Amino acid sequence: MSLPPACPDRPVAVLYVHHAAPFGGASRSLLELIQSFPPGAVQPCVLTRRGQFQEILESAGVAVLGCGGVSQFDNTRYSHYRGWRWLVLLRELAYLPSTLAGLLAARRKWGRVDIVHINDLTLLPAIWLARRLFNCPVIVHVRSVQQPLQGWRGRLAYSVLRNNAARLIAIDETVKASLDPSLDAVVIHNGLRVPRGEPFPAAPHDRFTVGMVGGLSRAKGCLEFVEAAALCRERGADIRFAFVGQSMRRRAPLRDFLLRRLGLSQEIEEELKARIAALTLEDAVEFWPFTTDLASVYPCFDVLCFPSHFDAPGRPIFEAALFGVPSIAAVTQPMSDTLIDGVTGLAVPPRQLRRLAEAILSLYADSQKRAELGRNAAQLAQAHFDADGNALKVLVVYREALAAVAAGARP
């Protein structure tokens, strides 16, 4: 892909704003984007919440500034505010001073930037503030399926985006379909380091292995994964079930107790281990350590499992595809750019334990089908998730936004 003709002879200075401290899918995607731009094309700096992701950015040599928190307004399909979840909004209100202070500190540290890139649509306060503090185009990445833009919450989100975002980038067609068409989002898939030539060969292992990759949380479907392991055991299948990840946040006994009582806690590690013990699955379910080295994980899997409650494909599906590993994903209506049911993997309804177990058992029993799905998944990854090609598409969005401002458009 070629860049627009009017390209400046200096790097585009971009401030990236990210909200989560743990190193998860959105943060990995951001890091890979930064590392995949053509040399000298982008001068990146990142504002993020203090914690693990900040440390990883520092070790990667990326200019980064940590803050106490970045405020969100969550209107996603899964975790929009309702019932006791309205209490989560109190935390986001408490993060507002830190969000403002962090953006001001970023302006003092790095001066004027050409672009502010907000790493999720939920960061509405940061979108509004960045537009005013930096007076430059604000690009918004949309990483999760949104609630319909109806009611006052939808109108609020739509208003902030329409009046402050120069362009929206949706990570796939499923996410784009959840947005108002008038927002005119462009689909640019998350980038993956896709090897040229043959798919990465599977590492030898002594037992059929189904794995989950990511933070240990209720919403990721971790409990369903364990219950599916029990159903597979009942059917006499000798399968290893592996969690690769960590708890989503550091333990704080009082906070964790209160969140559990209110039904708001996503922390599930202790509950998982208790359930595994109750089902006597200690020899079937394993916890592998967190790692950023994908090549040490996915080749050890026969199948990747993504039983998320979000009813949308997640990054581990594409990562597994990179290594020729098919996925079983909890997605009701998969789109052809992410998961093709029966071709690159299997789709099952969210929270349907028996359907999940049946899908695992079907691939356990059919090595030929597994291999076929894995080959197709690798081809899909090559077509849509190449890191260098997708970073170039994002760079085109930056250049177009800057060209529009140069032509007299409002930033």
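The structure is a predicted model, in which local features need pLDDT of at least 70, side-chain atom pairs count only at pLDDT 80 or more, and totals for chains, interfaces and linings use all residues. Residues are numbered from 1 along each chain as its sequence is written, and side-chain values use heavy atoms, with hydrogens and water left out. Helices (H or I, at least four residues) and strands (E, at least two) are DSSP runs, numbered from the N terminus.

**The sheet**

- An open sheet is formed by 6 strands in the order S10-S9-S8-S11-S12-S13, with parallel pairing; two strands count as paired if DSSP finds at least two bridges between them.
- S10 and strand S13 (345-348) stand at the edges with a single partner strand each, so one side of each is left without a neighbour in the sheet.
- Neighbouring strands of this sheet are turned by 25° against each other on average, direction ignored; axes are lines fitted to C-alpha atoms, for helices over the stretch in contact, and angles run from 0 to 180 degrees between N-to-C directions.
- Strand S12 (residues 327-330) runs parallel to S13 and is joined to it by 4 bridges, and Ile328 stands opposite Leu346 in S13.
- Helix H11 (residues 315-322) packs on the sheet, where it touches strand S8 (208-213), strand S11 (303-306) and S12, contact meaning heavy atoms within 4.5 Å; the direction of H11 makes about 170° with that of S11.
- Helix H12 (residues 353-364) also packs on the sheet, touching S8, S9, S11, S12 and S13, and its direction makes about 165° with that of S13.

**Strand S9 within the sheet**

- S8 and S9 run parallel and are joined by 6 bridges, and Val213 has Val244 in S9 as its bridge partner.
- In S9, 6 of the 6 residues are buried, so the strand is largely enclosed by the rest of the structure; buried means under 20% relative accessible area, exposed over 50%, and partly exposed in between (1.4 Å probe, protein chains only).
- Both faces of S9 are covered, with Ile239, Phe241 and Phe243 buried on one side and Arg240, Ala242 and Val244 buried on the other.

**Helix H10**

- Helix H10 (residues 269-278) has Glu269, Leu272 and Ile276 as its buried residues.
- Seen down the axis of H10, these buried residues fall within an arc of 60°, so they line one face of the helix; the arc is that of the directions from the helix axis to the C-beta atoms.
- The face turned away from the buried side of H10 carries the exposed residues Glu270 and Ala278.
- Among the elements that cover the buried residues of H10 are helix H8 (222-234), strand S9 (239-244) and strand S10 (285-288).
- Just after H10, Thr280 takes a positive phi of about 50°.

**Nonpolar cores**

- A nonpolar core is a set of buried Ala, Val, Leu, Ile, Met, Phe, Trp, Tyr and Cys residues joined through side-chain atoms within 4.5 Å.
- The largest nonpolar core has 45 residues, of which Leu15, Val17, Val116, Ile118, Phe134, Val140 and Leu168 touch the most other members.
- Helix H5 (residues 124-134) gives the most to this core, with 7 residues.
- Leaving aside residues up to four places away in sequence, Val116 touches several residues, including Leu15, Val17, Ala130 and Phe134.
- A second, separate core of 36 residues includes Ile268, Leu281, Ala284 and Leu361.

**Salt bridges**

- The whole structure holds 12 salt bridges, a salt bridge being a side-chain nitrogen of Lys or Arg within 4 Å of a carboxyl oxygen of Asp or Glu.
- Arg10 forms a salt bridge with Asp114, their closest N and O atoms being 2.8 Å apart, and the pair links distant parts of the chain, 104 residues apart.
- Arg10 counts as partly exposed at 44% relative accessibility, whereas Asp114 counts as buried at 16%.
- Glu400 forms a salt bridge with Arg167, with the closest N and O atoms 3.8 Å apart; Glu400 lies in helix H14 (residues 387-406) and Arg167 in strand S6 (residues 167-170), so the pair ties together parts that are 233 residues apart in sequence.
- Asp283 forms a salt bridge with Arg233, the closest N and O atoms being 2.7 Å apart, and this pair links the loop between H10 and S10, which holds Asp283, to helix H8, which holds Arg233.
- Arg28, Glu32, Arg315 and Glu319 are linked in a network of salt bridges.
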